[in-house]
Amino acid sequence: MAKDKPVVGFYDLTGCNGCLLSFVFNEDEILEMARHFQIKSFRLIKELKEEKQFDIVFMEGLVASNMDLEMLKAIRAKTKTLVALGACACTGCIPAYRNFIDASKYVAMVYEKTKEMKDTQPLPINKHVAVDYYIPGCPPDKKQILDFMKDLLLGKKPADYDRPVCFECRLNENRCLLDDGKMCLGPITRGGCDAVCTNGKLECWGCRGPMPDANLPLISKLLEQKGFPKEHIKQRLRTFAGMMMETPPEPKPIKIKPAKPAKKVKLVKKKLAKKKLAKKVAKTAKKTKKAKAKPAKKTLKKVLKKKALKKAKPKPAAKKTAKKAVKKIKKAKKKEKTAKKTAAKRVQPSKPANEPAPQKTFKAESEPQKKDKSFFNMIKGRFKR
Ligand code: SF4
Ligand code: SF4
Ligand code: SF4
């Protein structure tokens, strides 16, 4: 029974895996699908297995390198039905934008270290191999992939989309965004998405690719008449229809200049020297930190000692006041002495001119003598006699 099931593989070239993920989002239906298909190769779900023959292969991405091209050719050789899955595989999409810009400006920045990589001109897969079916969209709607598989299983020709996005947009009674001054590419874009963007008032960027009969120069003129800048229109159209609108110029061979060894050596030396310097600086910083930490301890001790001494010693102000007090006492004593002397002088009677000089003179009455009055009176009495 299992041998009757079609063998299916999902592969990817240069892309973002968004299309493969879109299929995975059918998680509720995948198990049911597995009853009808043998999914042999799908790296997002299981390990890749080399199959001799595939009935159906869904190919995501475009050819942008020699590796892509080799893989595409090998798979095409063993596949009955090859399906281009998503805008990259169908029309080129964003990776094909590289056709319209000067790769030498960025390639050295991005790919300098991967010299083994060999780029080729980014092209959709039908530029290299025959393609049986296309599922457009960036990414395609998950139900669209499922419906496609069901059609194949039933032996029906999968439905093609021959109406523009505008048709679905009008059916959904949306207001035209062109009238609101938005650059919508609905008129030239293949429908089938139910105008999901314009339903949400976002302009259609044309991710499902242009209709087979799309008049690209005419839409450019019409948009210009609406007031959109020429360059802006060109850039917008290039995103998904660039490869159909204009033949891309022959890509220039990209040469990645290897860096000069001498310079490299110099750079390495410089880096080493910088590292050494940094180490030295770090060491000295550590030492100084330690050195600073020690004296701090010492100073702490000193400060504590000083404080203790200050406490023990009398305050200088107190000293001064003590000295002043001593001086005052001395002065008072002096004053007292001088006062005594002057008092004694006053007590002594003035000498009359005739009066004979006394033989013995008495000192003025001093305080201690005053105290000893009995002794004084005794002497006085003797003289009187
Ligand atoms: S078509 Fe869009 S989603 Fe799919 S691989 Fe390309 S960029 Fe990604
Ligand atoms: S909004 Fe866009 S898709 Fe809708 S009718 Fe206007 S041009 Fe068409
Ligand atoms: S409306 Fe346009 S951009 Fe949006 S999904 Fe549909 S085709 Fe793509």
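Trainee: Which of the 14 residues around ligand 2 come nearest?
Mentor: Cys166, Cys169, Cys176, Cys184 and Gly186. Keep in mind that this is a predicted model.

Trainee: How does the shell around ligand 2 divide by class?
Mentor: Ten residues are nonpolar, three polar and one charged. Cys counts as nonpolar and Gly as polar.

Trainee: Which residues are closest to ligand 1?
Mentor: Gly15, Gly18, Gly86, Cys88 and Cys138, out of 13 that surround it. Helix H1 (18-24) and helix H4 (87-91) each supply at least two residues of that shell. By class, the shell around ligand 1 has eight nonpolar, four polar and one charged.

Trainee: Which residues surround ligand 3?
Mentor: Among them are Cys193, Cys197, Cys204, Cys207, Trp205 and Arg208. Helix H8, residues 196-199, gives the most, with three residues. The classes are eight nonpolar, three polar and one charged. Arg counts as charged, so Arg208 belongs to the charged class.

Trainee: Now the sheet. What is the order of its strands?
Mentor: The order is S2-S1-S3-S5-S7, in an open sheet of five strands with parallel pairing.

Trainee: Why are S2 and S7 said to stand at the edges?
Mentor: Strand S2 (38-42) and strand S7 (133-135) each have a single partner strand, so one side of each has no neighbour in the sheet. On average, neighbouring strands are turned by 20 degrees against each other, direction ignored.

Trainee: How do you know that S3 and S5 pair?
Mentor: Pairing needs at least two bridges. Six bridges join S3 (residues 54-60) to S5 (residues 79-85), so the two strands pair. They run parallel. One bridge partner of this kind is Thr81 in S5, for Ile56.

Trainee: Which helix packs on the sheet?
Mentor: Helix H3, residues 66-77. H3 touches strands S1 (7-12), S3 and S5, and its direction makes about 135 degrees with that of S5.

Trainee: How many helices and strands does the chain have?
Mentor: The chain has 14 helices and seven strands.

Trainee: What share of the chain is buried?
Mentor: 23% of the 385 residues. Each of those has 20 or more other C-beta atoms within 10 Å of its own, which is why they are called buried.

Key:
Residues numbered from 1 in each chain as written. Chains lettered and ligands numbered in written order. Predicted model: local features only at pLDDT ≥ 70, side-chain atom pairs only at ≥ 80, totals over all residues. Helix = DSSP H or I, 4+ residues; strand = E, 2+ residues; numbered from the N terminus. Axes fitted to C-alpha atoms, helices over the stretch in contact; angles between N-to-C directions. Contact = placed C-beta atoms within 7 Å. Near = placed C-beta within 6 Å. Buried ≥ 20, exposed ≤ 12 C-beta atoms within 10 Å, placed from the backbone.
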